[in-house]
Amino acid sequence: MTISSNAPDDGWPRRITLPGARTLWIRPITPSDAEGLVALYGGLDEEDVYRRFFSGHAPPKSFVEKMTHVAERGGFGLIAVMKEAGGTTRIVGV
């Protein structure tokens, strides 16, 4: 596994090279990540949803959209995006 950065001034994003020609990118969350987060949460089973949100259901899209605007409120959030060998990408963590 190799960790590197393409933005030496602030350290973001971080690239982690994984086996199988996969790459994991860690970067600040942006409003354009809302749809990917909805897909991520929608793919969780009931137990995982409960562990993440202390609820039996994933949050509504309005909640997810608010999460992606955290920087506008003085906060900071990170997101993990997996790039597969074939070039497809998906959010795998927040």
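## What α3 packs against

The buried residues of helix α3 pack against α1 and α2, where buried means under 20% relative accessible area, exposed means over 50%, and partly exposed lies in between (1.4 Å probe, protein chains only). Packing here rests on contact, that is, heavy atoms within 4.5 Å. The structure is a predicted model, in which local features need pLDDT of at least 70, side-chain atom pairs count only at pLDDT 80 or more, and totals for chains, interfaces and linings use all residues. Residues are numbered from 1 along each chain as its sequence is written, and side-chain values use heavy atoms, with hydrogens and water left out.

Which residues of α3 are buried? They are Val64, Met67 and Thr68. Looking down the axis of α3, you will find these buried residues within an arc of 95 degrees, so they line one face of the helix. The arc is that of the directions from the helix axis to the C-beta atoms. Turn to the other side of α3, and Ser62 and Lys66 are exposed.

## The chain as a whole

Let us step back for a moment. The chain has 3 helices and 5 strands, and along the sequence they follow the pattern β-β-β-α-α-α-β-β. These elements are DSSP runs numbered from the N terminus: helices are H or I with at least four residues, and strands are E with at least two.

Of the 94 residues of the chain, 30% count as buried. Take the contacts between residues at least 6 apart in sequence: 47% of these join residues at least 24 apart.

## Helix α1 and its buried face

Now for α1, one of the helices that α3 packs against. In α1, Ala34, Leu37, Leu40 and Tyr41 are buried. Seen down the axis of α1, these buried residues fall within an arc of 120 degrees, so they line one face of the helix. Ala39 and Gly42 sit on the other side of α1 and are exposed.

What do the buried residues of α1 pack against? Their partners are α2 (46-53), α3, β4 (78-83) and β5 (89-93).

## How α1 and α3 cross

Two packed helices are described by the angle between their axes and the distance between the axes. For α1 (residues 34-42) and α3 (residues 61-68), the angle is about 130 degrees and the axes are 9 Å apart. Axes are lines fitted to C-alpha atoms, for helices over the stretch in contact, and angles run from 0 to 180 degrees between N-to-C directions. α1 and α3 are therefore oblique to each other; angles under 35 degrees count as roughly parallel, over 145 as roughly antiparallel, 65 to 115 as roughly perpendicular and the rest as oblique. The crossing of α1 and α3 is right-handed, a term used if the near helix is turned clockwise from the far one by less than a right angle, while anticlockwise gives left-handed.

On the α1 side, the contact is made by Ala34, Glu35, Leu37, Val38 and Tyr41, and on the α3 side by Lys61, Val64, Glu65, Met67 and Thr68. Sorted by class, the contact of α1 with α3 has 6 nonpolar, 1 polar and 3 charged residues. Here Ala, Val, Leu, Ile, Met, Phe, Trp, Tyr, Cys and Pro count as nonpolar, Asp, Glu, Lys and Arg as charged, and the others, Gly among them, as polar.

## Loops worth a look

Alanine 21 counts as exposed at 58% relative accessibility, and phenylalanine 54 is exposed with a relative accessible area of 67%.

Glycine 43 lies in the loop between α1 and α2 and is exposed, with a relative accessible area of 63%. Its C-alpha atom is separated by 9.4 Å from that of alanine 58, 15 residues apart along the chain. Glycine 87, in the loop between β4 and β5, is partly exposed at 37% relative accessible area. Between the C-alpha atoms of glycine 87 and threonine 23, 64 residues apart along the chain, the separation is 9.7 Å.

## A buried strand residue

Buried or exposed: which is isoleucine 16? Isoleucine 16, in strand β2, counts as buried at 13% relative accessibility. The C-alpha atoms of isoleucine 16 and methionine 82 are 66 residues apart along the chain and separated by 9.5 Å.
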